[in-house]
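My notes follow in the order I looked things up.

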Protein chains: 2
Amino acid sequence: MTGQVNESVQSAVEAAAAAGEAWRATPPAERATVLEGVADALLKHAEDLWPAAEETRLPEARLRGEIARTAAQFRLFAEVLRDGGWVEAVIDHPDPGATPPRPDVRRMNHPLGVVAVFAASNFPFAFSVAGGDTASALAAGCPVVVKAHEGHPRTSDLTASVVRQALPDPGLLGLVHGFEAGEPLVKHPLVTAVGFTGSLAGGKAIQKLIDERPDPIPFYGELGSVNPVVVLPSADPAEVASGFAASLTLGVGQFCTNPGLVFLPAEGGFEQAVAEAVGATGGGPMLTGKIREGYLRQSGLLAERLTVLAGGSTVDGITPQVFAAGLDAFADGLPELAEECFGPAAIVVRYRDPADLPAVLRRLPGSLTATVHAAGPEEARDLVPVLSRLAGRLIWNGWPTGVAVSWAMHHGGPWPASTAPAHTSVGAASIGRWTTPVAYQDWPADLLPPELRDDNPLGVPQRVDGRRA
Amino acid sequence: MTGQVNESVQSAVEAAAAAGEAWRATPPAERATVLEGVADALLKHAEDLWPAAEETRLPEARLRGEIARTAAQFRLFAEVLRDGGWVEAVIDHPDPGATPPRPDVRRMNHPLGVVAVFAASNFPFAFSVAGGDTASALAAGCPVVVKAHEGHPRTSDLTASVVRQALPDPGLLGLVHGFEAGEPLVKHPLVTAVGFTGSLAGGKAIQKLIDERPDPIPFYGELGSVNPVVVLPSADPAEVASGFAASLTLGVGQFCTNPGLVFLPAEGGFEQAVAEAVGATGGGPMLTGKIREGYLRQSGLLAERLTVLAGGSTVDGITPQVFAAGLDAFADGLPELAEECFGPAAIVVRYRDPADLPAVLRRLPGSLTATVHAAGPEEARDLVPVLSRLAGRLIWNGWPTGVAVSWAMHHGGPWPASTAPAHTSVGAASIGRWTTPVAYQDWPADLLPPELRDDNPLGVPQRVDGRRA
């Protein structure tokens, strides 16, 4: 069994590396056309894809929406390639008068090589075989080998076959199955970077495998996030309560951006409003048996330590739950309270004086998002410097679930939100994870990539002698 | 002793964190003025600084030149701050018509926090207390704590005091001494990233300390490089030989960009020319006793395995040495031959057919540089795809020693040249190592950083709705 898995990893990585040679040499505009073809193929096969994904127990509307999002991700990267800014072309002409004389130096980003992608459980399309990691890596010029998530093997196989039809070489997208495939994939000498969306434990295990390589490679992992929400006294209790209940229970709480920790004023009726709104929600089937067990275990632990503020209806054995704690529970920085509980559970933290919040927020681990609810900006001013060091995305009077795929999006943050806080895993900038700069010194024009030539035949943005051209 | 070291680390990091609060809030243009003040202070105190650095045994002219380079690095980052492109400001206006409706999202880079810098042995100014890591981190808005190199403690103290005079708060530049300071510095909860230039063993030790943190932080290390040079048959033997001998022995070979592996045509008189040129060189005093012992040990190991092609004069017990091997020595990829030997030693690898080179080059570990010597571009065309995956800087008919500090420079490469191949440790882009993006969603204009406002009061480059504004 392990031998077979090893062989499947070996052949997928070798096929990817072989196919990658032509792909990295393909002009970006042609790669863009291929990505648009992938988007078209996904939409064309939507009627086959979404029913396959019923193995995730996610509803049709959600699955259809996710296929559209997945196609849109490929289209965004086609735009990114046509724009050309992603290569960050910089040209410094020589300065023979400088001491010492300065040579001609030109730099741009190049694709790394084979990228290993670990698919997530909770987005069978958008963070899986044809997800953002795959789309951004292919855009960068890197072939990909995906380790399928055990929760949706059929969807994974079908997606791979749909995407491959639109690729110039099917080897550009490898797919391997099984937990045991992780180690040989991460340790394969031809693999140059790893992308991962999953649990803290899973991320730590991958980092350990990478550290065991003779040549450790970059690891871009998104490992966990409690997504704190700060409700200030001027916020509207009814709006906060209804928004929170909806965000908490969306997709049975199975989002990395689920709001897990909500700071509520002790006065003003916020708790009652939240209790009522959450009481009107219901649970639902979770993605896999393992995730379901994890939720029951973790929410059970919270129930032992905290009082229950509210619970929704039990559906399929799953009950949305909100627990309550005082700000003093964070006096010694209880880490269990600040750990992600994957599913529709959250902790409400009651506070009396907003001035006490920064000290507690500073003690929280990194998150993908942090949210503020308030009637106006002045009340929140002192929180901004704290929140901007706590999370990669700050949200005003909204909710963290729902991540727009756009040029400005950032999906990352301090550990454990991300293993590489200089990078994002969603949006246009996520292509940067799969690239490495190369500088050319006194290099003949005939051998330069077109992006670095003085005549700029591709019309990419260039910085020339320190100025944006 | 350890207790005292721990205390000095503790107090330096705490002072840095405290001083960093105001520094990160200081407008970039004001930070630029401070950096220029540091450059002025370094030049003003050059007459005190270079004599202090005689403890490195480097000559006056080199030390004076290095102080000028160090000041120039601060000036480059002042330019980077005034340009504003480093924050990568991106604005996506809302699109209520999109499905789902897209919120307003704006992203830019922010400073990480306290940066720990491990100074290098071989550049007592340019890669030390006031080196590129410190200049780029301060530019980004991060306070710095430097672990001084044991090879130049007096220079380190004096440099720190000169720089501090020009800083608004002396706490922005902490300095700690002693090997034992490394662990508490890397593990301090307030430290947010580590910069390092040094040995493979040192870099691995730091990575291990980072992995032991509850929250692993980014590690930007430059660990070693053999800097292969490929001399093609059309190159001029006399020019190659004289250039090589000079680059090999510059600064007694104590550069991370020293040419350690030179592929020479078996025909054409290249070897004799190299042997003659190297025979005319001489050794010299090395930076520290430890480095000297390391060179004697490593060059001794090479002498046991390979034939000696040429040697220079012994000065201060140090002899430049060039060893010879055939291409077949790399048939099984002997890793010892591809490991950096810090000092004036190199291996010449004799080849008969240039077509045999790509297979061997593919087997080499990552390097900071790779160099080609040839009469014209055509002969080298097939090497470019191989070299661009082997090294971060490709040099044409030149030598790798000497790294220009400019907008386009890239100093990095695949492991072990760099622990983070998406980043550079020299040049304008090196500021990116100390930043993390933050996205603001539906955020009130009053609370946005000025770089993200629609009226763009600082005039920074913005990308708005996907287009460069």
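This is a predicted model: local features need pLDDT of at least 70, side-chain atom pairs count only at pLDDT 80 or more; totals for chains, interfaces and linings use all residues.

Entry 1: I began in chain B, at the pairing of strands E1(B) and E16(B). There, Ala89(B) has Gln462(B) in E16(B) as its bridge partner. Strand E16 covers residues 462-464 of chain B, runs parallel to E1(B) and is joined to E1(B) by three bridges.

Next I checked the side chains of E1(B), residues 89-92. Ala89(B) and Ile91(B) point one way, Val90(B) and Asp92(B) point the other way, and all are buried. I noted the general rule beside this: side chains of a regular strand alternate between the two faces of the sheet.

Which strand does E1(B) meet in the antiparallel sense? I found E2(B), residues 105-111, joined to E1(B) by three bridges. In E2(B), Arg107(B) stands opposite Val90(B). E2(B) also pairs with E15(B), again antiparallel, over seven bridges. One partner pair there is Arg106(B) with Tyr440(B) in E15(B).

**Entry 2: across the chain boundary.** I then followed E15(B), residues 435-441, into chain A. E15(B) and E14(A) pair in the parallel sense over three bridges. Ile395(A) has Gln441(B) as its bridge partner in E15(B).

I wrote down the whole order: E10(A)-E11(A)-E12(A)-E9(A)-E8(A)-E13(A)-E14(A)-E15(B)-E2(B)-E1(B)-E16(B)-E17(B). This is an open sheet of twelve strands with mixed pairing. Its edge strands are E10 (307-311) of chain A and E17 (467-468) of chain B, and each pairs on one side only.

**Entry 3: the interface.** How many residues of each chain are in contact with the other? I read off 60 residues of chain A and 61 of chain B. On the chain A side, the elements giving two or more residues are strands E1 (89-92), E2 (105-111), E14 (391-396) and E15 (435-441). E15(A) gives the largest share, seven residues. By class, this side of chain A has 30 nonpolar, 16 polar and 14 charged residues.

**Entry 4: helices of chain A.** I looked at H9(A), residues 237-249, first. H9(A) has 13 residues and reaches 18 Å from its first C-alpha to its last, close to the 18 Å expected. Its buried residues include Val240(A), Ala241(A), Phe244(A) and Leu248(A). The buried residues of H9(A) pack against strands E8, E9, E12 and E13 and helix H10 of chain A. Just after H9(A), Gly251(A) takes a positive phi of about 60°.

H10(A) came next. H10(A) lies across E8, E9, E10, E11 and E12 of chain A and runs at about 55° to E10(A).

Then I turned to H2(A), residues 28-44. H2(A) has 17 residues and spans 24 Å, close to the 24 Å expected. Among its buried residues are Arg31(A), Leu35(A), Val38(A) and Leu42(A). What do the buried residues of H2(A) pack against? I found helices H3 (46-52), H4 (60-83), H5 (132-140) and H6 (153-165) of chain A.

**Entry 5: chain A as a whole.** I counted 13 helices and 17 strands in chain A. The C-alpha trace spans about 70 × 60 × 40 Å along its principal axes. With 469 residues, a compact globule would have a radius of gyration near 23 Å, so the 24 Å of chain A agrees. Of these residues, 57% count as buried. For contacts in chain A with a separation of 6 or more, 77% come from residues 24 or more positions apart.

Key: Residues are numbered from 1 along each chain as its sequence is written. Chains are lettered from A and ligands numbered from 1 in the order in which they are written. A residue is buried if 20 or more other C-beta atoms lie within 10 Å of its own, exposed if 12 or fewer, and partly exposed in between; C-beta atoms are placed from the backbone. Helices (H or I, at least four residues) and strands (E, at least two) are DSSP runs, numbered from the N terminus. Two strands pair if DSSP finds at least two bridges between them. The expected span of a helix is 1.5 Å times one less than its number of residues. Two residues are in contact if their C-beta atoms, placed from the backbone, lie within 7 Å. Ala, Val, Leu, Ile, Met, Phe, Trp, Tyr, Cys and Pro count as nonpolar, Asp, Glu, Lys and Arg as charged, and the others, Gly among them, as polar. Axes are lines fitted to C-alpha atoms, for helices over the stretch in contact, and angles run from 0 to 180 degrees between N-to-C directions. The radius of gyration is taken over C-alpha atoms; the globule rule is 2.2 Å times the number of residues to the power 0.38.
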